[in-house]
Amino acid sequence: KGMDLTVIEHERWLDTLQGTVKNFGPGSARDVTLIVKFLDKKNKPLGTQNVSVGDLGPGHQSSWSLPIKEKHRPAVRYEFEVHAIRQ
């Protein structure tokens, strides 16, 4: 079963991607890490980057910000995976 950790919003500001991740689950999530997959206009993967979000209690959310590496800057789409340790 999924961990109920979801990116609820994201936006790009020049060479920075930022957004918010929320814990919709009933328990706490420790060491939340977001993996961002960068895709070009033809849906070709350009690579991935990770950002640590920290710990999230049930119902809590946290903002994140990620400087986009130069090789990922042509990206026009993003896919997100959120990983954590459940308590």
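Which residue's side chain meets that of Asp31 in a salt bridge? The partner is Arg30, with an N to O distance of 4.0 Å; a salt bridge here is a side-chain nitrogen of Lys or Arg within 4 Å of a carboxyl oxygen of Asp or Glu. The structure is a predicted model, in which local features need pLDDT of at least 70 and side-chain atom pairs count only at pLDDT 80 or more, while totals for chains, interfaces and linings use all residues. Residues are numbered from 1 along each chain as its sequence is written, and side-chain values use heavy atoms, with hydrogens and water left out.

A search of the whole structure gives four salt bridges. Asp15 forms another salt bridge with Arg12, and their closest N and O atoms are 3.9 Å apart. Asp15 has a relative accessibility of 33% and so counts as partly exposed; Arg12, at 29%, is likewise partly exposed. A further salt bridge links the side chains of Arg77 and Glu79, at 3.6 Å from N to O. Arg77 is partly exposed, with a relative accessible area of 34%, and Glu79 is partly exposed with a value of 34%. Through salt bridges that share partners, Arg12, Asp15 and Arg73 are joined into one network.

We can turn next to the strands. Strands are DSSP runs (E, at least two residues) and helices are DSSP runs too (H or I, at least four residues), numbered from the N terminus. Two strands are said to pair if DSSP finds at least two bridges between them. In general, the strands of a sheet pair through backbone hydrogen bonds, in either a parallel or an antiparallel manner. Here, three strands make up an open sheet in the order 1-2-5, with antiparallel pairing. Strand 1 (5-13) and strand 5 are the edge strands, each pairing on one side only. From one strand to the next, the twist averages 20°; for such angles, axes are lines fitted to C-alpha atoms (for helices, over the stretch in contact), and the angles run from 0 to 180 degrees between N-to-C directions. Strand 2 (residues 16-23) and strand 5 run antiparallel and are joined by seven bridges.

Leaving out residues up to four places away in sequence, Gln61 touches Ile8, Thr20, Val21, Lys22 and Leu56, where contact means heavy atoms within 4.5 Å. The C-alpha atom of Gln61 is separated by 8.8 Å from that of Phe24, a residue 37 places away along the chain.

Strand 3 has pairing partners of its own. Nine bridges connect strand 3 with strand 4 (residues 45-56), and the two run antiparallel. Thr33 stands opposite Ser52 in strand 4. Strand 3 and strand 4 form a hairpin with five residues between them, and Asn43 in the turn has a positive phi of about 65°. Strand 3 also pairs with strand 6, again in the antiparallel sense and over nine bridges; Phe38 stands opposite Tyr78 in strand 6.

Phe38 and Tyr78 bring the aromatic rings into view. Rings of Phe, Tyr and Trp (its six-membered ring) pair if their centres lie within 6.5 Å, with planes under 30 degrees apart counted as stacked, over 60 as edge-to-face and the rest as tilted. By this rule there are two aromatic pairs. The rings of Phe38 and Tyr78 have centres 5.7 Å apart and planes at 85°, so this pair is edge-to-face. Because Phe38 lies in strand 3 (residues 29-39) and Tyr78 in strand 6, the pair ties together parts that are 40 residues apart in sequence. Both Phe38 and Tyr78 are buried.

Phe38 is also one of the contacts of His72. His72 sits in the loop between strand 5 (61-67) and strand 6 (77-86), and His72 is buried, with a relative accessible area of 1%. Setting aside neighbours within four places in sequence, His72 is in contact with Phe38, Leu46, Gly47, Thr48 and Gln49. The side chain of His72 reaches the backbone oxygen of Leu46 at 3.4 Å.

Terms used
Buried < 20%, exposed > 50% of the residue type's maximum accessible area, 1.4 Å probe, protein only. Polar contact = N/O pair within 3.5 Å; in protein donor to acceptor, adjacent residues only side chain to side chain.
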